[in-house]
Amino acid sequence: MKPILQNLVEMTGHRDHLRLEVSVLSTLQKLSNITEVRALELFSDNGKPHVRPRTWLQDGALVPTDSDAASDPHREPLHNYPALCKCVDNHDIRATASTSKGRYTLWLPVWMHDKVTTCLEITQSRPFSAHKLDVIQGISLVYQNYQSLLDYSERDALTGLFNRKTFDEQFSRHTAPAVALRAQGGAAGDDGAACCEPIEQWLAVVDIDHFKQVNDRFGHLYGDEVLILVANILRNSFRSHDRIFRFGGEEFVVLLRSTDLSTAHKVFNRFRLAVQEYPFPQVGQVTVSVGFVSTSKGSPVEILGQADQALYHAKENGRNQVCFYDDLIASGHLTAKVANDDVELF
């Protein structure tokens with residue numbers, strides 16, 4: 001019991017979802033007779049439920065992945081796991097099955113907001129005893145409750161998007177140089193644009209046009225509804241491994257991963273059109289302006305500043321448009337700032 005308590009102390013010391021996931025799997029791995037532990041990700045692709053391994057044991061070490069789930073070659077239809085599929089459908093807390101001789105598997109869905117996107121999978125060489133199931137279930141519930149606390153601390157209370165304080169860590173994690181080929185996951189809705197463009201990461205700043213007028217004319221309740229609806233359109237316009245933040249007020253930030261410039265233009269413009277064409281209750285039409293830039297050079301502050309420059313050019317020149325920072329520099333509409341360590345020289 002003492003080693004389990006020590007592992008639980010270590011597990012709840014993390015302030016990051018991925019490290020917490022690795023820690024709980026490490027805790028479960030140390031129980032007797034356990035031969036394999038994995039964290040599975042459950043997701044929908046073209047309306048059909050799928051599952052793929054997100055963290056697993058390899059050569060004695062736990063290996064996490066942060067690739068796009070929809071393009072993962074190891075993904076499988078959820079119906080390949082009938083016991084887990086039934087468990088999710090029935091909102092049960094666990095499922096067990098003997099997948100082959102000497103191989104017994106336990107699945108523990110992690111329920112958050114009445115939805116499951118993560119499942120712990122534990123395999124051992126003999127059937128699970130009632131006591132063993134209770135111990136594993138207890139560890140799983142501690143993990144689930146702590147995941148909920150982390151998620152709550154990282155989210156904007158109104159929209160449910162990531163909040164401003166999570167940006168720096170997410171930026172570092174999700175803007176590493178892309179090595180994925182186009183076939184491994186272009187942006188959502190990618191129609192196969194020219195493949196000769198380099199795959200990069202992109203940051204966009206989004207601002208709702210004339211939002212103050214919405215609050216002044218219709219009141220803050222309708223203003224909040226506009227923010228919630230724009231947040232929903234943002235979720236539907238980008239992939240699960242892109243990241244969306246509410247920075248405060250009517251400003252949002254998007255980290256678009258592993259795509260080329262042509263596709264980035266298309267994706268941001270498709271989002272802009274989706275907002276323009278949405279019938280906002282009482283308010284009517286709402287539009288957004290977008291400024292975006294590559295994340296390949298500069299610190300988060302510099303890149304945010306460049307995207308902000310592009311955004312304000314869009315707002316000062318008609319609104320309801322997408323502007324790319326490098327295009328504005330090349331055309332002479334903007335002048336690049338020169339950074340000197342932590343001081344920006346204008």
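L108 lies in strand β6, which spans residues 103-112; strands are DSSP runs of E with at least two residues, helices are runs of H or I with at least four, and both are numbered from the N terminus. The model is a predicted one, in which local features need pLDDT of at least 70 and side-chain atom pairs count only at pLDDT 80 or more, while totals for chains, interfaces and linings use all residues. Residues are numbered from 1 along each chain as its sequence is written, and side-chain values use heavy atoms, with hydrogens and water left out.

With a relative accessible area of 1%, L108 is buried (under 20%; exposed is over 50% and partly exposed in between, with a 1.4 Å probe and protein chains only). Beyond its neighbours within four places in sequence, L108 is in contact with residues including I93, C119, L120 and I136, where contact means heavy atoms within 4.5 Å.

Turning to the cores, the largest nonpolar core holds 32 residues; such a core is a set of buried Ala, Val, Leu, Ile, Met, Phe, Trp, Tyr and Cys residues joined through side-chain atoms within 4.5 Å. Among the residues with the most contacts inside this core are I208, V226 and F280. Helix α7 (220-237) is one of the elements that give two or more residues to the core, and α7 gives the most, with 7 residues. Leaving aside neighbours within four places in sequence, V226 touches I208, F211, V214, F280, V283 and V286. A second, separate core of 21 residues includes L108, together with L28, L31 and Y146.
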